Amino acid sequence: MRRERWVAVATLALLQVFVVVAGSYVLSHDSAENPVSIASPKPTPTPLVTAGPVLAAAGDGALPAKGTLSAGLAEALGDPGLGKNAAGVVLDAKTGGMLFDGRATKALTPASTTKVVTATAVLDSVGTDVRLATTVVMGKAANSITLVGGGDPTLAGPKTVADAKKSKQDPYPKPASLAQLASRTAKALKAAKITSVEMSYDASLFSGPVTAPGWKPNYVPEGTVAPVAALTIDEGRSLSGPRYSDPPLSAAKAFVTQLEKHGIEVEGEITPAKAAPGARELARVESAPMYALVEKMLTESDNDLAEALSRQVAIKEGLPHTFVGEAKAVHQVLGRLKADQGVEVHDGSGLSTRNRITPAALARLIAVAASPANPHLHSLISGLPVAGFTGTLDNRYGRSDSKPGAGLVRAKTGTLTGVNTLAGITYTASGRLVAFAFMADEVSDPGAAVAVLDKMATIVAQS
């Protein structure tokens with residue numbers, strides 16, 4: 001009997017030891033399938049080190065040696081490749097202090113560096129997140145509809161679709177689609193039991209001449225830019241030719257084709273007509289946000305987009321929706337930023353030969369956009385082409401005297417007959433953020449001029 005009692009006691013003791021050991025094991029070997037509610041101490045996480053914000057170090061480095069910088073740039077500015085009318089400037093982005101003055105206040109033809117002005121104005125006035133809408137509303141007569149342009153030249157029609165299929169990738173930023181607008185319109189019409197309509201189109205948001213003061217007559221025929229209109233597709237580019245002569249009508253015809261694919265018959269002639277105030281909206285599509293449109297405009301030097309965005313500034317500022325109105329609106333916005341001095345523009349793209357901007361004005365605008373005080377303008381900086389890698393600088397900076405600037409320089413290019421310009425931003429060798437602008441408008445050898453401009457930007461990056 002004693003032996004049996006001893007065995008029972010020993011067995012109970014062993015069971016208690018087993019329970020304690022098993023419990024300890026469970027607590028220390030928790031799993032997703034069998035979680036426990038008792039929290040165990042967690043190890044201290046290893047800090048994750050990441051790169052700082054792009055403009056975080058602005059002004060933290062030492063200023064470049066002024067004499068050395070000036071000597072190198074002055075010699076390059078006198079290069080015969082730039083012709084007899086060249087000027088340039090380098091500014092400290094943090095303080096605005098002038099580090100190099102090569103006739104910085106001389107006004108020259110800016111060409112596409114005008115887009116720096118346009119970008120500043122649209123981001124500050126219109127905003128970064130605004131989207132441009134193309135809509136379809138009910139017409140004034142029964143069973144009639146009106147296609148209404150909102151000033152979005154990136155609206156994708158047949159050309160954009162064809163290009164995407166050819167390249168096997170969607171464009172960036174992703175545009176609104178005419179096909180999607182037709183699909184949504186057809187769905188709304190069928191819901192109202194309407195399968196046959198008359199159609200008009202409204203491009204009245206923009207008014208006045210469709211080409212700007214100072215544009216050369218060959219710009220539209222050769223495909224440099226389309227007539228500026230509030231309703232257009234594929235930036236006015238057609239499948240069969242370089243540009244539509246009447247972008248609104250061409251967009252309307254393409255829309256009819258899409259509607260018919262969705263079972264909506266369009267009767268009668270397609271005519272222009274202003275939509276009735278308060279007309280019921282059937283469908284809409286919207287562009288990419290403004291900051292993405294600005295980046296695209298700058299990276300690709302997109303003339304059509306520049307004109308459309310400049311016109312949006314006029315609309316926002318309450319001025320006439322014309323070339324004259326947009327020029328006044330841009331100056332109005334720059335005036336509020338205290339950055340209007342040295343700027344005279346007559347269009348948004350820089351195609352106008354009447355535009356005049358000083359290097360100091362261009363560099364000042366870039367410094368303003370880079371400032372931590374103006375985060376809403378930073379898309380201007382991120383949209384600037386990267387030397388040797390993106391946009392209009394992707395095939396440059398391969399020469400021995402400019403190759404060190406590849407990847408370091410971000411700048412907007414400008415090119416017209418006899419004109420080559422470059423305005424942008426870079427860090428110096430010591431980490432100082434500086435803005436620069438170099439301009440020449442009596443160039444006889446564009447290749448030579450481009451080489452000198454790239455060399456000058458590289459000198460700044462290495463200073």
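This is a predicted model: local features need pLDDT of at least 70, side-chain atom pairs count only at pLDDT 80 or more; totals for chains, interfaces and linings use all residues.

Two strands count as paired if DSSP finds at least two bridges between them.

**The hairpin**
- Strand S1 (residues 86–92) and strand S2 (residues 98–102) run antiparallel, joined by 4 bridges.
- If you look across from glycine 88, you'll find glycine 102 of S2 standing opposite.
- The hairpin has 5 residues between S1 and S2, and glycine 96 takes a positive phi near 80° there.

**The nonpolar cores**
- The largest nonpolar core is made up of 54 residues, and Val294 and Leu380 have the most contacts inside it.
- Helix H11 (residues 359–370) supplies the largest share of this core, with 10 residues.
- Leaving aside residues up to four places away in sequence, valine 294 touches Ala119, Val122, Leu123, Leu309 and Ser379.
- Another core of 30 residues lies apart from that one, and its members include Leu181, Val266, Leu282 and Val285.

**Two helices crossing**
- Helix H3 (residues 114–125) packs against helix H10 (residues 323–336) at an angle of about 75°, and their axes are 9 Å apart.
- Angles of 65 to 115 degrees count as roughly perpendicular, so that's how H3 and H10 sit relative to each other.
- On the H3 side, the contact is made by Val117, Thr120, Ala121, Asp124 and Ser125, while H10 brings Val330, Val333, Leu334 and Arg336.
- Sorted by class, the contact of H3 with H10 has 5 nonpolar, 2 polar and 2 charged residues.

Terms used. Residues are numbered from 1 along each chain as its sequence is written. Side-chain values use heavy atoms; hydrogens and water are left out. A nonpolar core is a set of buried Ala, Val, Leu, Ile, Met, Phe, Trp, Tyr and Cys residues joined through side-chain atoms within 4.5 Å. Buried means under 20% relative accessible area, exposed over 50%, partly exposed in between (1.4 Å probe, protein chains only). Contact means heavy atoms within 4.5 Å. Axes are lines fitted to C-alpha atoms, for helices over the stretch in contact, and angles run from 0 to 180 degrees between N-to-C directions. Angles under 35 degrees count as roughly parallel, over 145 as roughly antiparallel, 65 to 115 as roughly perpendicular and the rest as oblique. Ala, Val, Leu, Ile, Met, Phe, Trp, Tyr, Cys and Pro count as nonpolar, Asp, Glu, Lys and Arg as charged, and the others, Gly among them, as polar.
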